Amino acid sequence: MAIRDTLIANVTTAISGTGFFISSELPWTSGGELLYNKNMKTIYFSEEQKSVEQFIQTLDSNDVENDTISLTAYVTVDAKTQPTNTSNVITSLVSAKGAVANVYDISAEVTNSIEVDKITYSVEYVFNQI
Amino acid sequence: MAVINVSKSTTEATVVLCDSGANILAAANTITLLNLTDISITNNQGSFRYQTLDSQSESVVTTVATNSVALNVVIDETQFFGDGSNTSPLINNGIFGTSNNKTEIDFRVYFEGTTESGNKYLAGSGFITGLAPTVNPSSPLWVTSLTLEVNGDLTEGDVV
């Protein structure tokens with residue numbers, strides 16, 4: 001998937017030397033545990049999800065369609081002692097949305113959740129494409 | 001009696017523009033407007049009202065009509081700017097050039113497409129005006145209004 005590949009390539013460069021890593025694997029579950037929980041400080045990107053809707057409807061059926069593509073990046077770190085550069089890495093993840101070409105109306109939302117002694121950051125990207 | 005349904009592929013509302021005086025059924029001198037989003041026809045009869053002492057209400061007679069066709073389209077680059085290499089002035093200059101040059105054209109508004117015999121159209125001659133191309137970041141396609149100011153009558157016809 002093109003957008004996912006672009007984000008991975010951009011983030012790989014951006015986090016070089018930070019002590020964080022990036023995987024090209026999907027965030028699947030291993031032994032009942034999500035990979036990003038199992039491998040902390042490693043960023044995983046989900047698969048792209050896509051919805052297609054009519055953007056402009058025309059009388060000659062040359063309708064213009066808008067594709068909305070969304071995917072999420074996940075990274076987990078120790079909640080008791082967070083790496084000091086965690087916020088910089090999250091900023092890099094957000095900034096990566098600018099690397100995707102031929103899209104408009106882009107957004108990235110950062111959320112987090114704590115489970116036991118781990119905090120997982122999720123960055124949800126939404127891109128629109130005609 | 002039946003409604004006019006344009007949702008089928010063979011009955012789409014269609015507007016065809018043509019060089020003035022040329023054969024509107026021939027592709028060599030015509031543009032079939034692409035990406036129309038809406039069509040609105042105005043046949044506005046003028047009126048003269050007057051009052052008489054023997055009536056409690058005004059009387060009216062009609063005068064000359066004002067006719068126009070208002071359209072909105074998603075701009076097709078070739079149709080809008082012309083292909084620059086055609087013997088047809090309309091196709092060569094495109095919609096913008098024809099408007100800018102104030103060149104009169106012929107047109108037909110097909111109510112239910114151009115292929116099914118017996119379906120209706122309105123026809124006339126006039127000038128392209130009212131171009132207002134617009135685009136913005138959240139709607140990144142150029143769209144424009146387009147008005148055909150009709151010179152004279154609108155006439156009714158049947159697709160052959």
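Colleague: Where in chain A does A:V116 sit?
Modeller: Keep in mind that we're looking at a predicted model. A:V116 isn't a glycine, yet it has a positive phi of about 55°. As for its place, look in the loop between strand 7 and strand 8 of chain A.

Colleague: Is A:V116 buried or exposed?
Modeller: Go by the cut-off: exposed means over 50% relative accessible area. A:V116 comes out at 79% relative accessibility, so it counts as exposed.

Colleague: What about A:K41, where is that one?
Modeller: A:K41 is another non-glycine with a positive phi, about 60° here. Its relative accessibility is 28%, so A:K41 counts as partly exposed. You'll find A:K41 in the loop between helix 2 (35-38) and strand 4 of chain A.

Colleague: Which elements of chain A do the buried residues of helix 3 pack against?
Modeller: Start with who they are: A:T86, A:V89, A:I90, A:S92 and A:L93 are the buried residues of helix 3 (residues 86-95) of chain A. They span an arc of only 155° around the axis, so they lie on the same side of helix 3 of chain A. Their packing partners in chain A are helix 1 (2-14), strand 4 (42-45), strand 6 (64-78), strand 7 (104-115) and strand 8 (118-129).

Colleague: Which residues of chain A lose the most area to chain B?
Modeller: Chain A and chain B bury about 1,000 Å² between them, with 65% of it on carbon and sulfur atoms. On the side of chain A, three residues together make up 51% of what is buried there, and those losing the most area are A:I56, A:L59 and A:D60.

Methods:
Residues are numbered from 1 along each chain as its sequence is written. Chains are lettered from A and ligands numbered from 1 in the order in which they are written. This is a predicted model: local features need pLDDT of at least 70, side-chain atom pairs count only at pLDDT 80 or more; totals for chains, interfaces and linings use all residues. Side-chain values use heavy atoms; hydrogens and water are left out. Buried means under 20% relative accessible area, exposed over 50%, partly exposed in between (1.4 Å probe, protein chains only). Helices (H or I, at least four residues) and strands (E, at least two) are DSSP runs, numbered from the N terminus. The arc is that of the directions from the helix axis to the C-beta atoms. Contact means heavy atoms within 4.5 Å. Buried area is the accessible area (1.4 Å probe) that two parts lose on being put together, summed over both.
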